[in-house]
Amino acid sequence: MTEAPPISPAASSAGADKARIWALVPCAGSGTRAAGALPKQYQLLAGQALVLHTLAAFAAVERVVLALVVVAPGDVFLSRAVQHARQRWCTRPCGGATRAQSVARGLAALQELGAASDDWVLVHDAARCLVTPQSINQLIDACAYDAVGGLLACPVPDTLKLAREGRVLATPDRSHQWLAQTPQMFRIGMLRRALQTAGDLVTDESGAIEALGLSPKLVPGSSLNFKITYPEDFALAQAVLRDRARHPTHHQNYDYP
């Protein structure tokens, strides 16, 4: 378990009228579809473990107090691979069998670290390693004063097909269809209640909040904020990271739609 770095007095003493913002990164999956000897979040990408690119984006967002990485029990990869004296993230080996379990346990761990029920949490897929600080800040700006919270998402650009036994069943209207991404930003207490209501099968935090009868806000994100799932995704992500390294100013000022 990586020890949590000390929280600055400015962050820990924020008044009740100004909720703090935390990040939670579920990182307990095996990533079997990505192949490879290691879980996909630990496979090398542009010279370092994939998840470290994810964590670097959150470390660059000053409003995030701390990112908690939820790993599987016995997983010591991050604690062995990286030792930063002033890192802005820590790990907890409390991952569950499902994403919902890992998030629920991670929320409890955040509160053990001092997070309040009214604080915000940004839940983000470890394998969405191309998220940018600009996108994270955009979500925070859009949701910080929202009654529910929200998520990054993109309107569906392609024609959708419903299928049955390998054949087209119907073509739904895509005009109101969005692809959900992460981070997803909600109050810690509300999200804990929502996960208890929705159960272990919910696949994202927005779905749990919807189970409470609430409507999260959709915040337009970037098509480059995709989740590494298949082996070919690594090549695309590597190309994007190399381009960002060559043209950092361009990417700082422009987030691709």
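Start with the salt bridges: a search of this whole predicted model finds six.

Select Arg 99 and Glu 205. Their side chains meet in a salt bridge, 2.9 Å from N to O. Arg 99 belongs to helix α4 (residues 99–112) and Glu 205 to helix α7 (residues 205–210), so this pair ties together parts that are 106 residues apart in sequence. Glu 205 has 2% relative accessibility, so it counts as buried.

Next, pick Arg 128 and Asp 125. Here the N to O distance is 2.7 Å. Both residues are buried.

Now go to helix α8 (residues 231–246). Arg 246 and Asp 243 both lie here, three residues apart, about one turn of the helix. Their side chains form a salt bridge at 3.8 Å, N to O. Arg 246 is exposed at 56% relative accessibility, while Asp 243 is partly exposed at 24%.

Then show Arg 99, Asp 125, Arg 128 and Glu 205 together: salt bridges that share partners join them into one network.

Move to the largest nonpolar core. It has 29 residues, and Leu 55, Leu 122 and Ile 136 have the most contacts inside it. Colour β1 (21–26), α2 (50–59), β4 (64–70), β6 (120–123) and α5 (133–143); each gives two or more residues to this core. The largest share, five residues, comes from α2.

Centre on Leu 122. Beyond its sequence neighbours within four places, its contacts include Trp 22, Phe 58, Ile 136 and Met 185. A second, separate core of 26 residues includes Cys 90, Cys 94, Ala 100 and Leu 191.

Finish on strand β10 (residues 178–187). Four bridges join it, antiparallel, to β6; Val 121 has Phe 186 as its bridge partner. Five bridges join β10 to strand β7 (residues 150–155), also antiparallel. There, Leu 151 stands opposite Gln 184.

Technical notes
Residues are numbered from 1 along each chain as its sequence is written. This is a predicted model: local features need pLDDT of at least 70, side-chain atom pairs count only at pLDDT 80 or more; totals for chains, interfaces and linings use all residues. Side-chain values use heavy atoms; hydrogens and water are left out. A nonpolar core is a set of buried Ala, Val, Leu, Ile, Met, Phe, Trp, Tyr and Cys residues joined through side-chain atoms within 4.5 Å. Buried means under 20% relative accessible area, exposed over 50%, partly exposed in between (1.4 Å probe, protein chains only). Contact means heavy atoms within 4.5 Å. Two strands pair if DSSP finds at least two bridges between them. A salt bridge is a side-chain nitrogen of Lys or Arg within 4 Å of a carboxyl oxygen of Asp or Glu.
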